[in-house]
Amino acid sequence: MTIDTPPLQGLFAATFTPFHSDGSVNLNTIPLVVDHLIQQRVAGLYVLGSTGEGPSLTQEERCAVAAAFVESAAGRVPVIVQCGCESLTQARQLAAHARTIGAYGISAVSPVYFKPDSIDALVASMAEIAAGAPTLPFYYYHIPSVTGVNVSMREFLRLGGDSIPNLRGLKFTSHSVHEYRACVEYDRDRFEILWGSDEMLLFGVTAGGRAAVGSTYNFAAPIYH
């Protein structure tokens with residue numbers, strides 16, 4: 001089984017998670033954030049990633065934030081939920097929750113403490129998470145500057161394509177434009193490689209990118225457009 005979904009295009013905001021002054025999550029603000037981003041012609045939302053501080057939240061908070069963004073989007077734009085954390089079991093549970101609330105897709109960053117020590121281990125780890133929502137597109141979140149996991153992403157697509165049925169592509173947050181280009185050109189009809197470096201958006205576009213995920217699209221989307 002492979003996932004067949006319409007191709008993603010345009011700017012996807014890596015959304016901020018709003019908080020109260022005491023550090024608790026402010027769910028009431030999320031509808032305002034979503035409406036603002038849609039008014040700014042943002043094409044989709046990537047929630048609970050680095051910008052959304054997902055790895056710092058509790059499991060319950062992550063579920064509540066994801067549900068609030070999906071509900072607020074109300075089908076107007078796709079919502080991708082970042083599910084990665086140190087526990088593969090918890091990450092798989094978050095993926096399953098994303099499916100139940102109606103998210104468009106799921107994504108996951110690698111564990112960063114006990115890192116996968118080979119590309120085979122990375123693929124196996126991501127397969128465990130992706131299996132939590134086998135009917136949703138899965139995007140591996142490649143950010144080696146944070147995770148320290150810097151294996152070939154083209155090779156990840158090759159191996160992952162065989163063992164992760166719902167692998168749809170990558171969130172590619174690296175300045176390695178030549179590697180990005182190689183990923184874009186690899187099985188272009190199957191995989192989507194979302195560019196993840198705001199300050200180098202032009203490089204991603206010229207390398208063949210059709211969609212990008214970024215933090216500063218939250219407040220500067222008109223400039224990027």
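Select Thr 5 in the segment before β1; helices (H or I, at least four residues) and strands (E, at least two) are DSSP runs, numbered from the N terminus. The model is predicted: local features need pLDDT of at least 70, side-chain atom pairs count only at pLDDT 80 or more, and totals for chains, interfaces and linings use all residues. Residues are numbered from 1 along each chain as its sequence is written, and side-chain values use heavy atoms, with hydrogens and water left out.

**Thr 5 and its partners**

Thr 5 has a relative accessible area of 15% and is therefore buried. Buried means under 20% relative accessible area, exposed over 50%, and partly exposed in between (1.4 Å probe, protein chains only). Display next the side chains of Tyr 104 and Arg 168. The side chain of Thr 5 makes a polar contact of 3.2 Å with that of Tyr 104, and another polar contact of 3.2 Å joins the side chains of Thr 5 and Arg 168. A polar contact is a pair of N or O atoms within 3.5 Å; within protein, one must be able to donate a hydrogen and the other to accept it, and residues adjacent in sequence count only if both atoms are side-chain atoms. Not counting residues up to four places away in sequence, Thr 5 touches Tyr 104, Pro 137 and Arg 168, where contact means heavy atoms within 4.5 Å.

**Strands β6 and β7**

Move to strand β6 (residues 167–172), which runs parallel to β7 and is joined to β7 by four bridges. Two strands pair if DSSP finds at least two bridges between them. Select Leu 170 and find Ile 193 in β7 standing opposite. Now follow the chain from β6 through helix α7 (residues 177–185) to β7: this β-α-β crossover is right-handed. The term applies if, with the strands pointing away from the viewer, the path from the first strand over the helix to the second runs clockwise.

**The nonpolar cores**

Which residues of the largest nonpolar core touch the most other members? They are Leu 45, Phe 138 and Phe 156, in a core of 61 residues. Helix α2 (residues 59–73) gives the most to this core, with seven residues. A nonpolar core is a set of buried Ala, Val, Leu, Ile, Met, Phe, Trp, Tyr and Cys residues joined through side-chain atoms within 4.5 Å. Centre the view on Phe 156. Leaving aside residues up to four places away in sequence, Phe 156 touches Ile 119, Leu 122, Val 123, Met 126, Tyr 140, Gly 161, Ile 164, Leu 167 and Leu 170. A second, separate core has 13 residues, including Tyr 46, Val 109, Ile 143 and Leu 194.

**Helix α4**

Select Ser 125 in helix α4 (residues 119–130). Ser 125 is buried, at 11% relative accessible area. Beyond its neighbours within four places in sequence, Ser 125 is in contact with Leu 88 and Pro 116.

**Helix α1**

In helix α1 (residues 30–39), select the buried residues Ile 30, Val 34 and Leu 37. They lie on the same side of α1 because they cover an arc of only 65 degrees around the axis, the arc being that of the directions from the helix axis to the C-beta atoms. An α-helix has 3.6 residues a turn, so residues three or four places apart point the same way. The cover over the buried residues of α1 includes β1 (10–14), β2 (44–47), α2 and α9 (217–224). Just after α1, Arg 41 takes a positive phi of about 65 degrees.

**Loops on either side of α2**

Select Glu 53 in the loop between β2 and α2. Glu 53 is not a glycine, yet has a positive phi of about 60 degrees; at 37% relative accessibility, Glu 53 counts as partly exposed.

Continue to the loop between α2 and β3, where Ala 74 is placed. Ala 74 is also not a glycine and has a positive phi of about 50 degrees, and its relative accessible area of 56% makes it exposed.

Finish at Arg 76, in the loop between α2 and β3 (79–82). Arg 76 is partly exposed, with a relative accessible area of 44%. Its side chain is joined to that of Asp 35 by a polar contact of 2.8 Å. Not counting residues up to four places away in sequence, Arg 76 touches Val 34, Asp 35 and Ile 38.
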